[in-house]
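Look at the aromatic side chains in the model below. Then turn to one backbone angle.

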Amino acid sequence: MATKKITFSIPYNGDIGLIEWAVSSGQVSEVYFAGPKDNNFSNPYVDLKPHTDREIIKLLHVCAKGNVRTNFLVNKNTLFFEDILKIKKYIRHLQKKGRLDVITISDPYIVPILRKEFPRLRLQSSIFMGVDSFRKAKEALKMGITELCLDPALNRNASELKKIMALKKTFPRLKVKLL
C-alpha cells in the first residue's frame with residue numbers, strides 16, 4: 001500500500017512568489033485568503049498589508065495551475081451587520097475571474113444565504129463558528145456547511161471525533177479538518 005503524502009492548507013500572506021514555490025512542492029492542498037481592503041470579510045491580521053484584487057486574481061490562477069484549492073475567508077466574528085449583497089457580488093467576481101472552491105464562514109447566519117446563492121461551492125465552518133461537539137457539527141451540516149474546521153478542543157476527543165466522522169453516512173460530501 002502506498003504511503004499518502006501529507007499536504008497542507010496554507011494562508012496567502014501577500015507573497016505570491018512564496019505561494020508559487022509552495023504549490024510547486026506538491027504538498028499544498030489549499031490556499032486560504034482574505035479579500036482585498038474593500039472586500040475583506042475576515043478578521044484582520046495585525047501588521048498585514050491589505051491585498052489588492054489583482055493579487056487575489058493572480059493567486060486564483062497560480063492555484064488553478066497547480067491544482068490547489070482556493071478558500072475565501074468570510075470569517076469575521078459576526079457578519080450580521082455586513083452588506084450581504086456586497087459579499088455575494090465579490091464571490092461572483094472571484095468565480096468569474098478564476099477558480100474559487102471553498103468559502104470559510106464564521107457566522108451561521110450567512111450559511112443558508114450562501115448555500116442558496118452558490119449551491120456548487122463548498123462551505124466550510126471557521127473555527128470561529130465554534131463547532132465543538134457532534135450536535136453542533138450536525139446542525140452546521142443541516143444548515144449547508146460541507147466542510148468542518150473543528151474547534152481545537154476536539155483534537156484529543158476521539159469519541160466525539162468518531163461520532164462526527166459517522167456523519168459521513170448522512171452527509172457523504174463531508175470533509176473534516178483539525179487544527
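F33, F41, F72 and Y90 form one aromatic cluster. The model is predicted: local features need pLDDT of at least 70, side-chain atom pairs count only at pLDDT 80 or more, and totals for chains, interfaces and linings use all residues. Residues are numbered from 1 along each chain as its sequence is written, and side-chain values use heavy atoms, leaving out hydrogens and water.

Rings of Phe, Tyr and Trp (its six-membered ring) pair if their centres lie within 6.5 Å; planes under 30 degrees apart count as stacked, over 60 as edge-to-face and the rest as tilted. The count here is 3 aromatic pairs. Two of them are set out in the table.

| Pair | Centre distance | Plane angle | Class |
|---|---|---|---|
| F33 and F72 | 5.6 Å | 35 degrees | tilted |
| F41 and F72 | 6.5 Å | 80 degrees | edge-to-face |

Helices (H or I, at least four residues) and strands (E, at least two) are DSSP runs, numbered from the N terminus. F33 sits in strand β2 (residues 28–33) and F72 in strand β3 (residues 69–74), so their pair ties together parts 39 residues apart in sequence. F41 lies in the loop between β2 and α2 (53–65), 31 residues from F72.

Buried means under 20% relative accessible area, exposed over 50%, and partly exposed in between (1.4 Å probe, protein chains only). F33 is buried at 1%. F72 is buried at 0%. F41 is buried too.

Now the backbone. Most residues other than glycine have a negative phi. N67 has a positive phi, near 55 degrees. N67 lies in the loop between α2 and β3. At 65% relative accessibility, N67 is exposed.
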